[in-house]
Structures are given as structure tokens and as C-alpha cells.
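Dear colleague,

My notes on selected residues follow it.

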Amino acid sequence: MEQPVRTFSVMQYMTSIRNKLADTPAVWVHGVITQIAEKQKVVYMSIADFAEGDVRPIATISLSCFAGQFAALRQKTENAPTPFVIKEQLKVCLLIQADVYIPFGKLQARVLDIDPVYTLGELAVTKAAILKKLALEGLLEKNKSIELPQMPLCVGLVTGEGTAAYKDFTTRLAASPFKFRVIPAFAKMQGNDTESSVLAALDTLRENSEIDVVCIVRGGGAKTDLNYFDSEALCRAVANYPIPVFTGIGHEIDKSLLDEVACVSCITPTDCAKRLVERAQESWSNLVETARRIADSTRSLLSESKQELGMAATRLQQRVTSRIQGEKTRHAVVLSTLQKDSHFLVKEELARLDRNTEGLRQGTRKILDLADSEYRLIELRVKNADPETALAKGYTLTLDKNGKFVRNASQLKSGDTLTTKFRDGTVESTVR
């Protein structure tokens with residue numbers, strides 16, 4: 001008789017698999033964290049492998065970790081020589097134990113440990129790669145090349161609302177002798193929203209054309225929070241910002257990539273405010289010194305000008321006196337000359353008047369004689385031109401019927417009546 005085939009329930013089968021997996025050794029696996037979800041007692045994670053240049057995972061594994069164990073791993077990374085936060089998009093190397101989640105029949109390894117050295121190496125490589133890329137594109141010096149205003153009194157401030165950094169920064173400016181005006185754009189300065197929040201704040205301040213300089217400040221705290229300021233997107237935004245950007249992030253020993261691209265990198269928020277005050281003080285001192293030099297130069301110039309004017313006045317007085325004396329002498333000569341010339345001219349005019357008087361006497365007689373001679377000559381010409389004179393000499397005058405003189409035969413025709421005048425009478429005749 002055939003023996004019946006042994007069967008297993010799903011629970012029995014999955015339990016068997018989990019028991020088998022429990023016998024496998026824990027191994028170190030590296031990948032990129034793609035998801036983290038923290039529940040009350042368990043933290044769920046996923047890590048994956050990616051092909052170069054591709055954002056799609058080629059292999060993914062789900063992980064789980066008890067909340068207490070995850071807290072221990074987090075403390076381990078935060079106490080590392082270069083602290084970092086376990087977060088998405090981070091490359092990690094984890095010690096995991098294969099396991100299966102029976103309710104869903106899903107392979108879900110348990111996280112036992114983390115290797116900070118692996119992640120730190122990757123972070124250093126990533127940070128160095130970003131820094132090199134920014135340097136090759138000339139972005140490390142771009143914001144530094146923007147001329148800083150002489151009196152940067154209108155300040156755009158990117159920081160957390162109500163934070164110690166905000167208070168330290170504004171208190172230091174308020175204590176200065178200058179009237180700074182702070183325009184805040186509050187942002188989240190830690191956590192995964194740091195990048196997007198700071199970028200939004202920078203965009204907001206960019207719209208205000210009155211701002212002279214923008215300061216990004218954050219006080220001390222967990223060093224892991226400073227990793228968010230190594231963001232390439234933030235670095236590019238600051239490098240390409242149209243006005244100078246100051247950074248005052250963390251403590252004196254802290255240095256982020258954002259500090260590398262900023263126009264001025266300060267060690268703390270207070271130091272950032274101090275640098276602005278120093279800039280204003282330096283400009284004010286230069287202005288005062290310039291005003292002093294102008295005043296000194298003006299006084300010196302006025303003194304020199306006064307001396308030159310005094311000398312010029314003396315020279316002018318001497319020249320005027322000499323000119324007046326010369327004019328007096330010239331006028332005396334002219335007066336003497338005029339007196340002599342006037343006497344001579346009067347004498348000459350009197351002589352000319354005498355000559356004219358005699359000339360008038362002699363001339364009148366000569367003019368009358370000349371006029372009488374001309375009159376007699378005209379009278380003789382008129383008498384000679386009189387027809388009676390011609391008739392008296394034996395000439396005759398021939399007139400036509402109209403009483404006009406006949407000078408040419410062509411004026412006559414046959415039958416015309418002519419009158420011929422003689423000295424002693426007239427004769428009429430007819431033309432044939």
C-alpha cells in the first residue's frame with residue numbers, strides 16, 4: 001500500500017526556511033540606502049545596487065532592525081571621527097543576518113552592525129569629487145569675485161527661526177554703532193529638508209534688490225547635521241548667487257563645502273556678524289580718513305591760495321600805480337601837445353579865414369564878370385539863331401501850308417502851296 005505524501009502548512013514551511021537561514025553566518029553587505037522607515041519598535045530599511053549612470057536599482061534587499069539596535073548604530077556613526085547620519089542616499093556597509101518575514105513570506109535580513117569607516121571613505125570621496133567639480137567649473141571663486149559693498153547695511157539672513165544663531169547674529173549687529181537692517185528668510189538648518197529649505201530661502205532673498213549681502217548661519221550642535229551643507233545643489237546656488245554670501249556654520253573647527261564657495265567663510269554666526277561690522281567700521285574709518293585728508297588738503301590749499309592772492313594783490317597794486325603814473329605823464333604830454341597844436345591850428349584857421357575873405361572879395365567880381373561874359377555870348381547865339389537875323393542877311397524861309405519849315409524837296413508834292421518869307425515881305429507859290 002502506497003504511503004501518503006507528507007505535506008506542510010505554510011507556517012511550517014516558512015518556519016523551516018527561517019530556521020535554515022538562522023544557521024547561515026552573518027555577512028557584510030554594502031549598498032545605497034533607498035528607504036528608511038522608523039516605527040515604534042522596528043526600523044525598516046532597504047539597500048540596493050545601481051549600475052553607473054543609472055538610477056534604477058539592479059538588486060534590492062529589505063532590512064529590519066530593532067529600534068534599540070538602530071539607536072546604538074546611530075550613536076556609533078555620530079561618535080565617529082567624522083560624524084554622519086544614517087539617511088537615504090548614503091552608501092553603507094552593514095553586517096546582516098539572513099531572515100524571513102513569515103506573514104508575507106518575504107526575505108528580510110536583520111541589521112546587526114555598521115562599518116563607519118566604509119561610509120566615511122565614501123563621504124570623503126563624494127565630498128572631494130564635488131569639490132573638484134566645482135573647482136573645475138570655476139565656482140569656488142565666483143562668489144568671491146563679487147565686489148563687497150563698502151557699507152553692507154542691508155543684510156539678508158538665512159537661519160532657523162528663533163534659534164540661538166539668529167539671536168547671536170542679530171544681537172552682535174544691534175550692538176554695533178551702525179544701523180543694520182536684517183531681512184530674515186527662515187529655513188530648516190538640519191535634517192533631510194535642509195537643502196530644499198535653504199534653497200527656497202535664497203530664492204526669496206534674491207527678489208529683494210536692496211539687500212547688500214546674504215548670510216547663512218547655523219549654531220553648534222550635532223556634527224552630523226553639518227553634512228547637509230556639503231550639498232552640491234547648495235554649493236552651486238551660493239557660487240552663482242548675484243550678491244556676496246557669508247557663511248557662519250557650526251563651530252570653529254567645522255568646515256563644509258558651502259564654506260568653500262562662499263564669498264566670506266566665518267567660524268560662527270557671531271563671527272559672521274562681526275565681519276560685517278568690521279567691514280562697515282573699516283569703510284567708516286576710510287571715509288573719516290578721506291574726509292580728514294580732504295580737510296587738510298583744503299586748509300593747505302586755502303593757505304597757499306591766500307598767500308598767492310596776497311602776492312598777486314601786491315603785484316597788481318604796483319602795476320596799477322605804475323600804470324596810473326604812466327597815464328598821468330602821457331596825459332601831461334598830450335595836454336602840452338594839444339595846447340601847442342591848438343594855438344597853431346587857431347593861427348592857421350585865422351590865416352585861412354583871411355585868405356577866404358580876400359578870395360570872396362576878388363572872386364565875387366570875377367564871378368560876376370564871367371557870368372556877364374557868358375550871358376553876352378548866349379545873347380549873341382540867341383540873336384544869331386533868330387530867323388529875322390537870317391532874313392536880314394538876305395536869306396529866305398519857306399513854309400508849307402501848315403506853317404512848317406520846308407527843309408527838303410521830298411517834303412513837297414505837286415500842287416502844294418508854299419509861302420516864302422523875305423526881309424521885306426512874303427511871296428506865295430505853287431509847286432509843279
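Which backbone oxygen does the side chain of T159 reach? The side chain of T159 reaches the backbone oxygen of V217, at 3.0 Å. Before the remaining findings, two remarks on conventions are in order. This is a predicted model, in which local features need pLDDT of at least 70 and side-chain atom pairs count only at pLDDT 80 or more, while totals for chains, interfaces and linings use all residues. Residues are numbered from 1 along each chain as its sequence is written, and side-chain values use heavy atoms, with hydrogens and water left out.

T159 belongs to strand β7 (residues 154-159); strands (E, at least two residues) and helices (H or I, at least four) are DSSP runs numbered from the N terminus. T159 counts as buried because its relative accessible area is 1%, where buried means under 20%, exposed over 50% and partly exposed in between (1.4 Å probe, protein chains only). Apart from neighbours within four places in sequence, T159 is in contact with A165, Y166, A185, F186, A187, M189 and V217; contact means heavy atoms within 4.5 Å.

S197 is located in helix α5 (residues 194-206). With a relative accessible area of 18%, S197 is buried. The side chain of S197 reaches the backbone nitrogen of K188 at 2.8 Å. Not counting residues up to four places away in sequence, S197 touches A187 and K188.

D113 sits in strand β6 (residues 106-114) and counts as partly exposed, at 21% relative accessibility. Its side chain makes a polar contact of 2.9 Å with the side chain of K76. A polar contact is a pair of N or O atoms within 3.5 Å; within protein, one must be able to donate a hydrogen and the other to accept it, and residues adjacent in sequence count only if both atoms are side-chain atoms. Leaving aside neighbours within four places in sequence, the contacts of D113 are W28, L73, K76, C93, L94 and L95. From D113 to A164 the separation is 51 residues in sequence and 36 Å in space, C-alpha to C-alpha.

Finally, W284 lies in helix α8 (residues 269-385) and is partly exposed, at 43% relative accessibility.

I would welcome your comments on these residues.

Yours sincerely
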